[in-house]
Amino acid sequence: MWAIAVKEFNQLRRDRRMLAMLIAIPLLLLVVFGYAASFDVSSVPTVVVGPRADVVSTHLPALFDVRRTDSGQNRDDAVEALRDGGETAAVVTAADGSVRVLVDGTDLFAARAVSAGGNAAHLSVEVLFNPSLTTSVIMVPGLIGIVLVFVGTLATALGVVRERQAGTLEQLAVMPFRAWQVFLGKVVPYFLVAALDTAIVVTAGITLFGVPFTGEVGTFALGVLLFLFVTLGIGVLISTVSQNQGQAMQLAMMTLLPQVLLSGLLFPITSMAAGVRWISYVLPLTYFIQVSRGVLVKATPIGALWFPLVMLAVLGVAVFGLSVLRFRRDLAPKALR
Amino acid sequence: MSWGTVGLTVRYGRRTALSDVSVRVDPGAVTCVVGGDGAGKTTLMRAMVGATPITHGVVLRPAAAEIGYLSAGTGVYPDLTVRENIEFAARAYRARGRDQQRLLARTGLSAVDDRLGAELSGGMRQKLGVVLAMLHRPRLLVLDEPTTGVDPASRADIARLIAAAAADGAAVVYTTSYLDEAERAGEVLVLDGGTALAAGLPATIVAAADGQVWNRPDRPARGLAWRRPDGWRVWSDSGPVAGACPVRPDLQDAVIVAALRHRGEAA
C-alpha cells in the first residue's frame, strides 16, 4: 500500500497542473462563495427624472443609490437609460406628485429587491423588459455564453491536443501548410459548430422558454463573433501548454469555472466584494452576457453596447494573438533559426 | 540535386542530440541511418524535414511540398479511416488521383480501406504511414523507423515500397535498427551518441573497421565482446584472442565495434 501511495505522491508532485488545480480550485471556491456568491442586493444604481427629481431623490429609501438626477428628463429618457444599461432603476416623478419606480427586470435580484423595497415605501414599481421576473429569460442568454465557452475553449483545446498526442501535429508541421493555414483549419470547424450551437440554443430559448429576441440580430451576431474570437483563442492557448487531453480538460475547466461563477450569470456583480469584482471585469463572459441580455431581452442598440463589444475585441486580440504566436512556435520550429 | 546535412549540430538546452553530422542523400538512392537507442537518428530525421530547430550547420532539402515524411509516430490519424487518411494526405499535397490505388493494393491495404487507423495492426499502420509519406512522389523521402515492430512479411512490403520510391527517382533516407536492411542500402550512416561514427557503402564501412574480429564459444573475461547467434565476437587490435578463431566481420560487427570503441573512448 505504501509503495502505491509513495508512487502516487511522486506522480502528483510532477503533475504541476493537477497540483495547481487541487490548490487553486478550493481557494477559488472559498473566495467566490465567501465574497462573491451573494444574492442580497443592498444598493441599486438609480436615476431620478421628472420635475420633482431633486426633491424626491433625497427621500428615497437607502436601497436606491442615486447616481444622477435630471428634472428635464421624462419617462422615455428613464426607459432608455435602463435599456442602455447605465442604471438598474429609474424613479420617474410627475408634477402632480406621483412617483413611479421603473426597474430593469434583467437584473433579477435587483428587480426583486426594488419591488420589495418600493412596495414597503408605498412606491409604485414597474418591472421593465422581464415583467414576470422569469429566471429563464435572463439565464438563457447567459447559457448561450456557456455553450460558446464549452465548444470554443474545451472542444478546440482537445481537438488540437489530440493531434499532439497522436503524433500527427509534427506531420502537419512538415506538410506544405503555412502555420496560419493549420491554425485556421483547426479553428474554423469549431467556430461553425459553436455558431450552429448558438442558433440551436437561441431557437430553443425562444420556443421552449419564451425568451424574447427584441434587438438587432446583427448586434447579437457581432457579440457572438467577438466572444468566439476570445474563447477559440483561449482553447488554442490551452492546447499549446497541454501535453495531453487530460491536462487540456483540467485547464479548460479552470477557465470555465470562474466565468460561470463571477461573470454575473448567477450572482449579481454589484453584490460582489470589491476585491473579487475586478476579476469579473477581465472575464469575457461578463461582457458577452451584457451584450446577450441587452440585445435579446432589452433591445439595447449597438451604440449603448460599445463598451462590452470593445472589451471583447480587446480580449480577443490579446488572447488570439498570444495563441497564434504560441501555436506558430509549436508548429514551425524552422522559424526559430 | 543531392539532399542532406553538412556539419549539423542540434542541441536541446545543454544536451547535444547531434554533433557535426553530415549525410548525403542522392536521388534514386537509399541512405540508411543506423545506431542504438539515443544515437540521434530521430533528431536527424526531424532536422532534415524541418521539424526541429538546428543549432549549427546546414540542411539541404527541397520545398515542403516535395518532402515525404514518416514520423516515429507514423502520422496516421487513428480516428480517420484508411481512405480518409489517404484523401487528407492527397489533398494536402495536391496529389489526388495519383498512385493511391496502386500503393494501397501493393501493401494489402485496399481490403481495409474503410477501417479506422486505430483499428489497424501495428504493421498495417506503419505501411499506411509509408504510403502517406510517398503518395505525392516526393523528391526527398524521410522515414523514421518504418520497419520497427513490424512482422517480416510487412517489412518486406515496406522494403519494396522504399525500393520503388528510389526507383522512381526519390532520394530516400530512413532509420532502422535492423542491420540486415542497412546491408542492402546504397549508403549507410552510423550514429552513436549524436556523433557520426562511419559513413559510406556497407562494404566500405566493414572494410574500414580496424583491428580483427574473433569468434569464441564463451564470453571472454576482458575486451570488447558481443553476442552473436554462433558465439561471442571479440574485437582485438593486438593479436590473436585465446580460444578464438578469426572471422570476417559483417556490417553488424563493424557497427558494434565502432559504437563500443566510441563509448570506450568517450568514457
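Modeller: Start with chain A: buried residues make up 43% of its 337 residues. Buried means 20 or more other C-beta atoms within 10 Å of a residue's own; exposed means 12 or fewer, partly exposed is in between, and C-beta atoms are placed from the backbone. Before we go on: this is a predicted model, where local features need pLDDT of at least 70, side-chain atom pairs count only at pLDDT 80 or more, and totals for chains, interfaces and linings use all residues. Residues are numbered from 1 along each chain as its sequence is written, with chains lettered from A and ligands numbered from 1 in the order in which they are written.

Colleague: Fine. How many helices and strands are there in chain A?

Modeller: Chain A has 13 helices and five strands. Those are DSSP runs numbered from the N terminus: helices are H or I with at least four residues, strands are E with at least two. The C-alpha atoms of chain A fill a box of roughly 80 × 50 × 40 Å along the principal axes.

Colleague: And which domains does the assignment give for chain A?

Modeller: Domain 1 covers 44-128 and domain 2 covers 135-336. The bounds come from an automatic or database domain assignment. Over C-alpha atoms, the centres of domain 1 and domain 2 of chain A are separated by 35 Å. Eight residues from domain 1 of chain A and 11 residues from domain 2 of chain A make the contact. Two residues are in contact if their C-beta atoms, placed from the backbone, lie within 7 Å.

Colleague: Which helix gives the most on the domain 1 side?

Modeller: Helix H5 of chain A, residues 108-120, with three residues. By class, that side of domain 1 of chain A has three nonpolar, two polar and three charged residues. Ala, Val, Leu, Ile, Met, Phe, Trp, Tyr, Cys and Pro count as nonpolar, Asp, Glu, Lys and Arg as charged, and the others, Gly among them, as polar.

Colleague: Now chain B. How many helices and strands there?

Modeller: Chain B has eight helices and 13 strands. Its radius of gyration is 20 Å, close to the 18 Å that the globule rule gives for 267 residues, so chain B is as compact as a globular protein of that length. The radius is taken over C-alpha atoms, and the rule is 2.2 Å times the number of residues to the power 0.38. Of the 267 residues in chain B, 46% are buried.

Colleague: Where do the domains of chain B run?

Modeller: Domain 1 is 3-200 and domain 2 is 203-266. 13 residues of domain 1 of chain B are in contact with 10 residues of domain 2 of chain B. On the domain 1 side, helix H6 (179-183), strand E8 (187-192) and strand E9 (195-200) of chain B each supply at least two residues. E9(B) gives the most to that side, with four residues. The C-alpha centres of domain 1 and domain 2 of chain B lie 31 Å apart.

Colleague: What about the strands further along? Which strands pair with E12(B)?

Modeller: Strand E10 of chain B (residues 212-216) pairs with strand E12 of chain B (residues 231-236) in the antiparallel sense, over five bridges. Strand E11 of chain B (residues 224-228) also pairs with E12(B) in the antiparallel sense over five bridges. Pairing needs at least two DSSP bridges between the strands. B:Trp214 stands opposite B:Val234 in E12(B), and B:Arg227 has B:Trp232 as its bridge partner there. E11(B) and E12(B) form a hairpin with two residues between them.

Colleague: Switching topic. How many residues of each chain touch the other?

Modeller: 14 residues of chain A are in contact with 17 residues of chain B. Helix H7 of chain A, residues 168-174, gives the most to the chain A side, with five residues. That side has eight nonpolar, three polar and three charged residues.

Colleague: Which residues have the most contacts inside the largest nonpolar core?

Modeller: A:Ala90, A:Val91, B:Val142, B:Val172 and B:Val190, in a core of 169 residues. A nonpolar core is a set of buried Ala, Val, Leu, Ile, Met, Phe, Trp, Tyr and Cys residues joined through C-beta atoms within 7 Å. Beyond four places in sequence, the contacts of B:Val142 include B:Met45, B:Ile67 and B:Val173.

Colleague: Last one: is B:Gln100 buried or partly exposed?

Modeller: B:Gln100 is partly exposed, because 19 other C-beta atoms lie within 10 Å. B:Gln100 lies in helix H3 of chain B, residues 100-107. Neighbours within four places aside, B:Gln100 is in contact with B:Ile86, B:Ala90 and B:Leu135.
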